[in-house]
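This report describes a protein model for a reader who is new to structures. Please look at the sequence and the model first, then read on.

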Amino acid sequence: MQKKEIAPNIIHYMFPPKVGGSGFFGTVTVALVSENRALLVDAGYEGDGCQIKDDLAKQGIVVEKIVLSHFHDDHMEGAKAFPDAKIYGSRRFQETLDLWTPKEEHKFYTPAVAIEKPFML
C-alpha cells in the first residue's frame with residue numbers, strides 16, 4: 001500500500017494489482033477526513049479495505065461513510081471491513097450485484113443512500 005496526503009485531510013491510498021487478478025490495474029481509495037471521522041470514495045478489494053481500516057484506526061479515525069463509484073469488486077469489496085459505515089451508491093446497484101456477487105454478500109454493498117437521478121457533467 002502506498003499512502004499520500006494529497007491535500008489537508010485528503011488521503012490517497014494506492015494498491016498494486018491483486019495477485020491472481022487481471023494483473024493490469026491496482027486500486028485507489030480516497031479518504032476525506034474530518035476530525036476523527038472519514039468518508040471513503042471506493043473501498044478497493046477486501047484486503048485493501050482492511051489495510052485502510054487499520055491505518056486510519058492507528059490515527060483514531062473511524063470510517064462512517066463510503067461512496068461506491070460503481071459496483072465492481074475492485075471498488076466495493078473493501079466495504080466488508082467497515083460493516084457500520086453508511087454506503088452511498090447508484091440506485092441501479094442491484095443489476096451489478098446480481099451478476100457478480102453471491103446474494104449473501106449483497107448486504108455489505110447495498111446502499112443505505114441510493115443516488116436516484118443520473119447526472120451529466
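## The sheet and its surroundings

In the hairpin of β1 and β2, 2 residues lie between the strands, and Asn-9 takes a positive phi near 70 degrees. This is a predicted model, in which local features need pLDDT of at least 70 and side-chain atom pairs count only at pLDDT 80 or more, while totals for chains, interfaces and linings use all residues. Residues are numbered from 1 along each chain as its sequence is written, and side-chain values use heavy atoms, with hydrogens and water left out.

Helices (H or I, at least four residues) and strands (E, at least two) are DSSP runs, numbered from the N terminus. Two strands pair if DSSP finds at least two bridges between them. Strand β1 (residues 2-7) is joined by 5 bridges to β2 (residues 10-15), and the two run antiparallel. Within this pair, Glu-5 stands opposite Ile-11. Strand β1 is hardly covered: among its 6 residues, the count of buried ones is 0. Here buried means under 20% relative accessible area, exposed over 50%, and partly exposed in between (1.4 Å probe, protein chains only).

The open sheet has 7 strands in the order β1-β2-β3-β4-β5-β6-β7, with mixed pairing. Strands β1 and β7 (113-115) stand at the edges with a single partner strand each, so one side of each is left without a neighbour in the sheet. On average, neighbouring strands are turned by 25 degrees against each other, direction ignored. Strand β4 (residues 37-41) and β5 run parallel and are joined by 5 bridges. There, Arg-37 has Val-62 of β5 as its bridge partner. Helix α1 (residues 46-58) packs on the sheet and touches β1, β2, β3 (27-34), β4 and β5, and its direction makes about 145 degrees with that of β2. Contact means heavy atoms within 4.5 Å. Axes are lines fitted to C-alpha atoms, for helices over the stretch in contact, and angles run from 0 to 180 degrees between N-to-C directions.

What does the side chain of Asp-42 make a polar contact with? The partner is the side chain of His-75, at 2.7 Å. A polar contact is a pair of N or O atoms within 3.5 Å; within protein, one must be able to donate a hydrogen and the other to accept it, and residues adjacent in sequence count only if both atoms are side-chain atoms. Leaving aside neighbours within four places in sequence, Asp-42 is in contact with several residues, including Val-28, Ile-66 and His-70.

## An aromatic pair and helix α3

The whole structure has 2 aromatic pairs. One of them, Phe-71 with Phe-93, is tilted, at 6.0 Å centre to centre and 50 degrees between the planes. Phe-71 lies in the loop between β5 (62-67) and α2 (73-76) and Phe-93 in helix α3 (residues 93-100), so the pair ties together parts 22 residues apart in sequence. Rings of Phe, Tyr and Trp (its six-membered ring) pair if their centres lie within 6.5 Å; planes under 30 degrees apart count as stacked, over 60 as edge-to-face and the rest as tilted. Phe-71 is buried at 4% relative accessibility, and Phe-93 is buried at 13%.

In α3, the residues Phe-93, Thr-96 and Leu-97 are buried. They cover an arc of only 100 degrees around the axis, which puts them on the same side of α3. The arc is that of the directions from the helix axis to the C-beta atoms. The buried residues of α3 pack against α2, β6 (86-90) and α4 (106-109).
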